[in-house]
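This briefing walks through selected features of the structure shown below. Keep the sequence and the 3D view open while reading.

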Amino acid sequence: MIKVKDLRKSFEDLEVLKGVDTEFEKGKTNLIIGQSGSGKTVFLKCLLGLFVPDSGIIEYNGRAYQNFSKSEKRDISKQMGMVFQGGALFDSMTVEENVMFPLKMLSNMNLEQMKSRVEEVLNRVNLVNTNKKLPSEISGGMQKRVSIARAIVNKPAFLFCDEPNSGLDPRTASVIDNLIQEITHENDITTVINTHDMNSVFEIGENIIYLENGVTAWQGNKDNIYKTDNQKVNDFVYASNLFQKVRIAQREGL
Amino acid sequence: MLTTYIKSIGQYFIMIYETFRRMTKTSELRRLIVQELNDLIVSSLGIVVFISFFIGAVIAIQTALNFSNPFVPKSLIGFAARQSIILEFAPTFVSIIMAGKVGSYITSSIGTMRVSEQIDALEVMGINSLNYLVFPKIVAMCMFPFVIAISMFVGIIGAYFAGVFGGFLSADEFLAGLQEDFIPFQVFYAFLKSFIFAFILATIPSFHGYYMRGGSLEVGHAATTSFVWTSVIIIFTNYFITQLLLS
């Protein structure tokens, strides 16, 4: 579980996070949504330790990150897996080497054990016969799966995903969403997903945080986001005509 | 403007400090060093040999053509070629050529990793990205004085070929000139400065790549800026070392 209390972050004169308060639950897919510029990526990078917040508290499993010693901070970062928006796969390494990389760097496994674990996670994300291929030789959807495989290979306690289905067709996006949700439930991990995709919101949004201008404007789940009267959330979620029609149909019981 | 420069200098020294902290696993580091040796040193040998041979030859021809006085011994051609190549051409100018080749490679490869979030991926895994990316380059560049030694040797061979086979002097005269007033300390001076230039060549382009912001266009911009700054600092350091050791 991750708890965030009054998190603030500025870049020179620009205050991006203006006091975010929220809680990400264990074993659930927690979604951060919000308009471009609302501070989602900065928030995610603060959670990952890539940005140091100006003030506020981030608690991992009940302990504030700010109170961790250096070695504890390194330990907690080893428990994190991250799926980057563009995949962030190492270009010069094959799929197998990319997935094996965290094991080589952070575990004491021998080569056989590492290969077996890599095979296991590649099978889990439904990637077969791609082990020896370079990232440039596989499709965008496959790259995302490799990125997910690399993020979970070390059995993390926290999984962070930055727009995991951006640039993918709706069917592949849905497959990726479901894969992340299944992995979250199977391993009982705390998953935080940063997304713009409303399909993801309605499919896997077990806990949804709506950020606006650097503050938490709404928090709920995929069931009560239909019913909310929060105008800002409605303006954002039902911005597209399709979702407006879906909402009207739902309210009219069609 | 001045504040930006001072900030950058401070950031550079922090980068150096961070590079030597929290070392990457030895087995992985060994693999990275071998890879960097190949990318930075071995792959540069061809261009260094080519340039050194022909510059050595040109030095011999230019010296020969400018000695019109019959009282000046022809062996001076060999002497002048040796002095120019060992003292300046091999260590300094080969380093500037390497700033273009190796420096832009380092900046663009690290810059592309920054743009595509690969550096963030390393950091998230709890790996010291500076140690992982920059330290192997520094170690590999410790072999740079060997490149300079090859450049010296090939440059002198080039001068010999142009001088002797061009009919400007005999082989004996060239060899006599080559050995005339030889001061071993000058070779030490050349290797010492090539060692310092190697550190500059590994770290300044890394700095420009690591701290770049933006997209692919900025990667190109960072590579150009890195070449300019590496060359400027090599030339400045060259002056400083020469003043310190030879004057």
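A helix, as the word is used here, is a DSSP run of H or I at least four residues long, numbered from the N terminus. By that rule, Ser109(B) sits in helix α4 of chain B, which covers residues 75–115. The model is predicted.

**Chain B as a whole**

- Chain B has 11 helices and zero strands.
- The C-alpha trace of chain B spans about 70 × 40 × 35 Å along its principal axes.
- Chain B has 247 residues, and 41% of them count as buried.
- Take the contacts in chain B between residues at least 6 apart in sequence: 88% of these join residues at least 24 apart.

- Is Ser109(B) buried, exposed or partly exposed? Ser109(B) has 19 other C-beta atoms within 10 Å and is partly exposed, because a residue needs 20 or more to be buried.
- Ser109(B) and Lys7(B) are 102 residues apart in sequence, and their C-alpha atoms are 24 Å apart in space.
- Lys101(B) also belongs to helix α4 of chain B.
- Lys101(B) is partly exposed, with 16 other C-beta atoms within 10 Å.
- Leaving out residues up to four places away in sequence, Lys101(B) touches Ser44(B) and Ile47(B).
- Lys101(B) and Asp172(B) are 71 residues apart along the chain, with 37 Å between their C-alpha atoms.

**Where the chains touch**

- The contact uses 15 residues of chain A and 12 residues of chain B.
- On the side of chain B that touches chain A, helix α5 of chain B (residues 118–124) gives the most, with five residues.
- The residues on that side of chain B comprise five charged, four nonpolar and three polar.

**Helix α4 of chain A**

- How does the length of helix α4 of chain A compare with what its 14 residues should span? At 1.5 Å a residue, residues 111–124 should span 20 Å, and the end C-alpha atoms are 20 Å apart, which agrees.
- Val118(A), Val121(A) and Leu122(A) are the buried residues named in α4(A). They lie on the same side of α4(A) because they cover an arc of only 100 degrees around the axis.
- An α-helix has 3.6 residues a turn, so residues three or four places apart point the same way.
- The other side of α4(A) carries exposed residues: Glu112(A), Gln113(A), Ser116(A), Glu120(A) and Asn123(A).
- The cover over the buried residues of α4(A) includes α3 (95–106) and α5 of chain A.

**Helices α5 and α6 of chain A**

- Helix α5 (residues 140–152) and helix α6 (residues 170–187) of chain A have axes that come within 10 Å and cross at roughly 10 degrees. That angle makes α5(A) roughly parallel to α6(A).
- From α5(A), the contact is made by Gly141(A), Lys144(A), Ile148(A) and Ile152(A). From α6(A), Thr172(A), Ile176(A), Leu179(A), Ile180(A) and Ile183(A) take part.
- The residues of this contact between α5(A) and α6(A) divide into six nonpolar, two polar and one charged.

**Ser147(A) and what it touches**

- Ser147(A) is placed in helix α5 of chain A.
- Ser147(A) counts as buried, with 27 C-beta neighbours inside 10 Å.
- Beyond its neighbours within four places in sequence, Ser147(A) is in contact with Val83(A), Phe84(A), Gly87(A), Ala88(A) and Leu89(A).
- Ser147(A) and Asn98(A) are 49 residues apart in sequence, and 8.4 Å apart in space from C-alpha to C-alpha.

**Positive phi angles in chain A**

- Ala88(A) is not a glycine, yet its phi is positive, at about 50 degrees.
- Ala88(A) lies in the loop between β6 (80–83) and α3 of chain A, and is buried, with 23 other C-beta atoms within 10 Å.
- Asn126(A) follows α4(A) and has a positive phi near 60 degrees.
- Asn129(A), also a residue other than glycine, has a positive phi near 60 degrees.
- Asn129(A) is in the loop between α4 and α5 of chain A. With 8 C-beta neighbours inside 10 Å, Asn129(A) counts as exposed.

Technical notes. Residues are numbered from 1 along each chain as its sequence is written. Chains are lettered from A and ligands numbered from 1 in the order in which they are written. This is a predicted model: local features need pLDDT of at least 70, side-chain atom pairs count only at pLDDT 80 or more; totals for chains, interfaces and linings use all residues. Two residues are in contact if their C-beta atoms, placed from the backbone, lie within 7 Å. Helices (H or I, at least four residues) and strands (E, at least two) are DSSP runs, numbered from the N terminus. Ala, Val, Leu, Ile, Met, Phe, Trp, Tyr, Cys and Pro count as nonpolar, Asp, Glu, Lys and Arg as charged, and the others, Gly among them, as polar. Axes are lines fitted to C-alpha atoms, for helices over the stretch in contact, and angles run from 0 to 180 degrees between N-to-C directions. Angles under 35 degrees count as roughly parallel, over 145 as roughly antiparallel, 65 to 115 as roughly perpendicular and the rest as oblique. A residue is buried if 20 or more other C-beta atoms lie within 10 Å of its own, exposed if 12 or fewer, and partly exposed in between; C-beta atoms are placed from the backbone. The expected span of a helix is 1.5 Å times one less than its number of residues. The arc is that of the directions from the helix axis to the C-beta atoms.
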